[in-house]
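Here is a short tour of a few residues and their surroundings. Keep the structure open beside the text and follow along.

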Amino acid sequence: EYRGIVPLEEKDSNGFYFVPFSDDFFLKEVIIGARCNKTPHNFEDILKSYNHPIKVIKSRLAFQSFKVVKNLSVKEYISA
């Protein structure tokens, strides 16, 4: 995971701050939470408008530790 610090200058009409995606700031991966009932392929229609591949994986709680890990039993989706 990478995080960046960006200036947040203007709120939208709901009071939230957003930074638009660009050539320098873009989405590479989506991790679906362990308790979410969506699958990676549920995001196919949403992500097809992006010009670069985006990987979508499903997570799960680890069996013997306090970690969240990739759920290997759910096939990941990579947009084209």
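Glu-29 sits in strand E1 of this predicted model. Its relative accessible area is 35%, so Glu-29 counts as partly exposed, a class that lies between the limits of 20% and 50%. If neighbours within four places in sequence are set aside, Glu-29 touches Ile-54, Lys-55 and Ile-57. Lys-55 belongs to strand E2, which covers 55–61.

Next, have a look at Pro-53, in the loop that links helix H1 (44–47) to strand E2. With a relative accessibility of 52%, Pro-53 is classed as exposed, because that class begins over 50%. Beyond its neighbours within four places in sequence, Pro-53 is in contact with Lys-28, Ile-78 and Ser-79.

Each of these two residues can also be paired with another one along the chain:

| Pair | Separation in sequence | C-alpha to C-alpha distance |
|---|---|---|
| Glu-29 and Lys-11 | 18 residues | 25 Å |
| Pro-53 and Val-74 | 21 residues | 19 Å |

Finally, turn to Phe-21, in the segment that precedes strand E1 (29–32). Phe-21 has a relative accessible area of 45%, so it is partly exposed.

How values were computed: Residues numbered from 1 in each chain as written. Predicted model: local features only at pLDDT ≥ 70, side-chain atom pairs only at ≥ 80, totals over all residues. Heavy atoms only, no water. Helix = DSSP H or I, 4+ residues; strand = E, 2+ residues; numbered from the N terminus. Buried < 20%, exposed > 50% of the residue type's maximum accessible area, 1.4 Å probe, protein only. Contact = heavy atoms within 4.5 Å.
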